[in-house]
Amino acid sequence: MLLSAGLLAALLLGCGVGLWFAFRLPPPLPASGRGALLSRVTIVVPGEGRLAERSIIIRGGAIAGILPAVARGADPLAGAYALPGLVDAHVHLPPRGLPGQTALHAFLFLRHGVTAVRSAGDRYGGESEAMRAGVQRGDFAGPRVVACGGPLGGAARWPNAQVLRTPEAARAAVQRVADAGFGCVKVQEDLAPDVLAAIRRAARGLRLPVIGPVPHRVKWGDAVLDDIQHLLGFAPPEQNAPVLRGGHASCAAVSLAGFERVGAPHIMERAGGALWSGMAITPILISRERLRAGASASVRLGDALLPPWFARAFWRRAVCAAPEDDALWARAMERSRRALRLLHGAGVALHTGTDAGAAEALGVVPGRSLHRELQLFVEAGLSPEQALAASTGASARALGIPGLGQILPGAPADLALFREDPSLDLANLDTLLGVVADGRLYYRAELDAQLARYQRRYGQFGPRVAARAAAPLLAP
């Protein structure tokens with residue numbers, strides 16, 4: 001018996017070690033030192049203007065000064081267009097404990113010019129702190145992280161959710177979010193009206209923005225959230241319950257049926273309510289687009305930038321993405337784009353978010369998918385510069401970090417540098433030459449070298465076996 005137990009223990013240990021080696025990734029891109037001189041760049045602040053032939057002096061994590069261009073030897077950034085870093089205002093981060101995933105996701109944001117993210121609810125607990133602490137300590141390169149903590153809802157949809165049934169419980173939950181040092185409060189779509197109202201009052205007393213979808217039982221005009229996510233609650237009817245398929249709720253965050261009745265008068269009514277209440281909107285159109293694409297396409301999308309097992313483990317094809325819904329998806333996407341265009345024209349603040357990291361966000365890869373979200377803004381009728389202003393300006397201001405989104409002395413040194421100007425054509429986002437995150441400069445060459453290390457690892461035997469054998473065990 002003792003021998004059998006010992007053999008069993010050894011076998012389990014061997015399996016555990018084998019899995020660890022299958023899932024492990026190369027060492028992360030190390031954080032660079034703070035401080036840099038950008039000797040000859042054109043400063044472009046989308047929506048505000050540009051200054052040619054300037055030098056930007058960076059000390060510590062801030063911009064120390066902006067001067068006329070100075071002569072310098074060989075400089076790979078000479079002639080670059082310097083923009084404030086992109087901001088993804090709605091992400092979810094990978095669970096802790098998966099070897100290298102936190103550092104990988106942090107890297108992918110930077111590789112695509114994203115220097116700040118807002119974690120819209122830790123689904124398992126501790127994900128945002130793991131990335132934020134790792135970046136701040138210099139363990140690996142990555143963006144700034146503003147986090148909302150665990151989501152507040154009426155049911156336990158996620159392991160880290162706080163289930164609230166009374167206003168008293170709501171007030172206590174918001175206080176816990178504040179005491180833990182989080183920078184926002186995330187609500188879910190199943191809250192009762194009186195509970196949401198209590199959350200909102202408590203959060204505003206603590207100067208914490210409340211973000212999330214409009215709950216199903218709350219009217220759009222009564223929600224008064226600081227930032228509405230996914231356009232949920234936008235379409236009629238007011239009690240915008242999700243589509244049902246086979247008796248199961250399908251994709252509550254991207255409900256579709258109501259968009260059949262979204263016309264210009266309805267959109268302008270919603271715009272007026274948002275302006276009156278000071279509500280911003282983070283539409284996250286890419287999550288709808290990718291759900292329509294389906295699971296198999298999403299797996300292919302992730303193969304190049306994420307480990308081959310990641311898509312199979314964490315991206316679920318939701319019930320509402322059934323093939324018979326394709327025409328409904330197409331019409332909902334078109335009406336969503338039209339709503340975005342009219343909301344922007346009415347002056348409603350728009351933020352850019354992707355839902356990267358969410359199990360339902362099929363094929364939404366950190367960093368790269370923000371480029372696609374910006375393109376969807378342009379397809380809706382905004383100019384490239386207006387789309388970028390929503391990310392580098394409005395979204396940056398929403399994070400509550402003084403000076404973020406500006407290129408001025410004293411502002412945080414978060415910049416993305418491009419060979420060609422993306423405010424003229426979003427295709428130029430692919431001409432990234434370097435990125436500065438919290439004063440740390442990373443050149444394109446070192447970013448590409450790190451990505452190549454990851455991709456070589458993805459092609460090895462261990463990750464490919466893990467994709468077929470062990471990944472289903474990790475599905476949430």
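A residue counts as buried under 20% relative accessible area, as exposed over 50%, and as partly exposed in between. That scale comes up again and again below, and it is applied here to a predicted model.

Start with the overall layout. The chain carries 15 helices along with 18 strands. Of its 476 residues, 58% are buried. Contacts tell a story about sequence distance too: taking those between residues at least 6 apart in sequence, 74% link residues at least 24 apart.

Now for the charged pairs. The structure holds 15 salt bridges, among them one between Glu53 and Arg40, whose closest N and O atoms sit 3.4 Å apart. Glu53 belongs to strand S2 (residues 49–59) and Arg40 to strand S1 (residues 36–45), so this pair ties together parts that are 13 residues apart in sequence.

Another salt bridge pairs Asp139 with Arg137, and here the closest N and O atoms are 2.6 Å apart. The two residues fall into separate accessibility classes. Asp139, at 39% relative accessibility, lands between the 20% and 50% cut-offs and so counts as partly exposed. Arg137 has a relative accessible area of 56%, which is over 50%, so Arg137 is exposed.

A further example sits within a helix. Glu168 forms a salt bridge with Arg171, with 3.6 Å between the closest N and O atoms. Both residues are in helix H4 (residues 167–179), and because they are three residues apart there, about one helical turn separates them. Arg171 is partly exposed, its relative accessible area being 39%. Beyond such pairs, there is also a network: Arg34, Arg144, Asp414 and Asp438 are joined into one by salt bridges that share partners.

The Glu53 and Arg40 pair connects strand S2 with strand S1, whereas the Glu168 and Arg171 pair stays inside helix H4.

Conventions:
Residues numbered from 1 in each chain as written. Predicted model: local features only at pLDDT ≥ 70, side-chain atom pairs only at ≥ 80, totals over all residues. Heavy atoms only, no water. Helix = DSSP H or I, 4+ residues; strand = E, 2+ residues; numbered from the N terminus. Buried < 20%, exposed > 50% of the residue type's maximum accessible area, 1.4 Å probe, protein only. Contact = heavy atoms within 4.5 Å. Salt bridge = Lys/Arg side-chain N within 4 Å of Asp/Glu carboxyl O.
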